[in-house]
Amino acid sequence: MGGSETRDSARSETIRRIEYIAGVILSLIALVLLGIRATHAGALWRDECDSVGTATLPNFSELLRYFQFDSFPLPFHLALRGYIAIAGDSDASLRLLGALVGILLLLVGWWSARIARAGVPLVFLTLAALNPTFVTWGTTIRGYGIGSVMIVFAFAATANFLAHRTNGSAFLMYIAFIAAVQCLVSNTVLVFAICLAGLGVSFSRGDRKTAVVIMGALGAAALSFLPYVAVYFKMNWHVLLQTGSSTAAWWETIRNSLGAHNPATAIAWLALTLMAALPCAMRLTKGALPPLASFALLAALATIAGGCIFFKLLSYLPNQWYFLPFVCLLASALQLAGLSFDASAAVRTFRLLICFLGVAGMWWSNWSTLTIRQSNVDLVANWLGSNVRAADLIVVNPWFFGVSFNRYYHGAAPWLTLPTLSDHRIHRYDLLQEKMSEDDPLHDVKSAIEGTLHNGGRVYLVGCAHWLREGERPIVLPPAPRSQYGWDFLPYIIGWSQQIAEYLQTYVHNGGELPQLGEHINPQEDIPLCLVEGWRD
């Protein structure tokens with residue numbers, strides 16, 4: 001009997017050491033991937049330029065007025081502003097910041113695993129830290145990466161409080177909740193989900209004192225977020241982004257954010273979920289489910305339900321980065337649930353193999369995304385800066401490319417966007433809304449083009465235009481919201497691009513697309529460049 005126990009103990013210790021070595025290896029792989037991403041991401045794309053532009057507005061009053069256009073609470077911009085003041089706003093410096101966010105996620109993941117005895121975050125490393133969506137989009141200069149870090153921190157701090165119930169752990173939970181909601185608006189939903197899970201565990205144990213402390217932490221987070229409520233409710237331009245989308249589009253985006261668009265990764269998610277859920281179900285039927293496992297299970301269910309409600313109400317077009325905090329929280333919950341039980345050596349070995357299979361599967365089909373350039377706008381802007389004359393004109397189409405073009409272009413020729421907006425530092429949806437409600441929003445653009453060409457100048461189209469085939473007519477919509485599309489700005493963008501194309505095809509002598517600048521570019525901002533010259537009456 002004693003010999004059998006000794007052998008089991010030795011086997012368990014061997015597995016523990018192998019798990020630790022595997023965790024270190026996966027962490028080192030994550031560091032290498034973060035380094036590769038930081039050195040290959042290149043120029044900031046428009047949304048990143050929007051965040052940097054907001055954070056570096058000349059004075060605090062402007063920051064208070066315009067931070068609403070960038071989707072993130074004020075402290076995110078203040079933190080970014082502070083980093084830029086210290087390290088500068090060069091692309092290299094900001095890419096380093098993105099890598100540092102990835103490293104923070106690794107550190108928080110390791111700390112969260114220590115709460116659950118085993119101390120090796122294999123599941124979290126596989127499903128979150130090494131997730132291609134996080135490595136690619138969580139390291140951009142946006143709030144989704146640091147928001148993911150902070151929601152994992154909040155989850156781990158709550159688990160730590162439930163395990164120890166000390167004043168120090170309670171204080172840490174308060175700080176984590178406030179930090180999470182001050183990084184990302186969607187984290188309000190996730191903090192609420194974590195609180196519901198914590199309250200469920202507390203009431204199941206008859207521990208009202210713990211429940212009161214958790215509700216106090218939720219109240220503190222809510223109070224810290226309260227100043228933004230009035231700002232967000234006054235955002236009349238918000239309707240421009242509420243375009244809605246099909247269930248199939250949402251599901252495809254969720255699959256991509258999970259890294260599960262290949263069989264190996266999908267199997268890894270399914271297997272690791274079952275390995276966490278089945279022991280919970282078995283213990284639950286016996287009334288012997290450990291508190292931390294209960295907390296993890298409830299948090300996962302509340303996260304899924306809360307996410308469905310939040311994104312349904314939001315009605316935005318789905319993007320992978322929206323789901324990053326949800327994916328990281330689910331990975332944390334699976335990890336905590338799985339590590340709350342004494343698993344056999346066979347189960348632990350199988351889990352280890354599944355983790356490596358999942359990582360291999362993710363990067364087998366996603367390796368190309370690691371070295372993709374976020375934008376070629378710097379290449380376009382630099383080429384124009386070297387080739388345009390003061391008598392030329394640059395038209396940026398569509399308007400939102402103007403935010404990133406504004407960061408990189410320093411040439412002699414004037415430029416404007418299609419349609420013309422008065423502020424290119426950030427995404428001014430309020431100005432776009434005004435243009436959408438005008439009867440002739442392209443009049444000033446056409447006048448500028450005509451004047452330039454009449455005077456012998458050339459017109460460069462950054463983003464080109466929707467050139468029309470013979471006999472094709474452009475989309476012409478009435479002022480919003482009187483069209484069938486309401487305030488959906490995407491049909492207007494297409495219509496404006498077709499209208500300017502028709503105008504050029506009617507009055508311009510020569511034109512065409514210039515050779516592509518850059519390769520392996522993020523399709524969200526792979527910008528073509530066209531040139532037209534010569535006016536005909």
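Predicted model: local features only at pLDDT ≥ 70, side-chain atom pairs only at ≥ 80, totals over all residues.
## Nonpolar surface patch

The patch covers about 760 Å² and consists of Tyr 20, Val 24, Leu 28, Leu 31, Leu 96, Leu 100, Ile 103, Leu 104 and Leu 107. Helix H5 provides the largest share, with five residues.

Leu 100 is one of the residues that form the patch, and its position is within helix H5. Its relative accessibility is 38%, and Leu 100 therefore counts as partly exposed.

## Disulfide and other cysteines

A disulfide is a covalent bond that joins the sulfur atoms of two cysteines. One such link is present in the structure. Its partners are Cys 464 and Cys 530, with their sulfur atoms 2.0 Å apart. The angle about the S-S bond is 95°, and the link of Cys 464 and Cys 530 is right-handed. Cys 464 is located in the loop between strand E3 (458-462) and helix H21 (489-507), while Cys 530 belongs to strand E5 (residues 529-535), so the pair ties together parts that are 66 residues apart in sequence. Both partners fall under the 20% limit for burial: Cys 464 is buried at 5% relative accessibility, and Cys 530 is buried at 1%.

Cys 49 is buried, its relative accessible area being 4%. For Cys 183, the closest cysteine sulfur belongs to Cys 328 and lies 13 Å away, again too far for a bond. The relative accessible area of Cys 183 is 11%, and this residue is buried.

## Helix H8 and the residue after it

Helix H8 (residues 143-164) contains 22 residues and spans 31 Å between its first and last C-alpha, close to the 32 Å expected at 1.5 Å a residue. Of the 22 residues of H8, 20 are buried, so the helix is largely enclosed by the rest of the structure.

Arg 165 follows H8 and has a positive phi. This residue is placed in the loop between H8 and helix H9 (167-181). Arg 165 has a relative accessible area of 42% and is partly exposed.

## Backbone geometry

Most residues other than glycine have a negative phi, and most peptide bonds are trans. Phi of Arg 165 is near 50°, a positive value in a residue that is not glycine. Ser 315, likewise a residue other than glycine, has a positive phi near 60°. Ser 315 is found in the loop between helix H14 (291-314) and helix H15 (324-338). With a relative accessible area of 25%, Ser 315 is partly exposed.

Cis peptide bonds are also present. The bond from Leu 418 to Pro 419 is cis, and its omega is near 0°. Pro 419 sits in the loop between strand E2 (415-417) and helix H19 (429-436). The bond from Ala 480 to Pro 481 is cis as well, with omega near 5°.

Gln 374 occupies the loop between helix H16 (345-370) and helix H17 (377-387). With 1% relative accessibility, Gln 374 counts as buried.

Apart from residues up to four places away in sequence, Gln 374 touches Arg 37, Ala 41, Ala 43, Trp 45, Glu 48, Arg 95, Thr 136, Trp 137, Thr 140, Asn 522 and Glu 525.

## Contacts and distance of Ala 264

Ala 264 is part of helix H13 (residues 263-285). Neighbours within four places in sequence aside, Ala 264 is in contact with Leu 357, Gly 358 and Gly 361.

Ala 264 and Asp 392 are separated by 128 residues in sequence. In space, the C-alpha atoms of Ala 264 and Asp 392 are 53 Å apart.

Definitions and conventions. Residues numbered from 1 in each chain as written. Heavy atoms only, no water. Patch = residues over 30% accessible without salt bridge, like charges linked within 9 Å, V, L, I, M, F, W, Y side chains within 5 Å. Areas by Shrake-Rupley, 256 points an atom, 1.4 Å probe, with all protein chains shown as cover. Salt bridge = Lys/Arg side-chain N within 4 Å of Asp/Glu carboxyl O. Helix = DSSP H or I, 4+ residues; strand = E, 2+ residues; numbered from the N terminus. Buried < 20%, exposed > 50% of the residue type's maximum accessible area, 1.4 Å probe, protein only. Disulfide = S-S within 2.5 Å. Expected span 1.5 Å × (residues − 1). Contact = heavy atoms within 4.5 Å.
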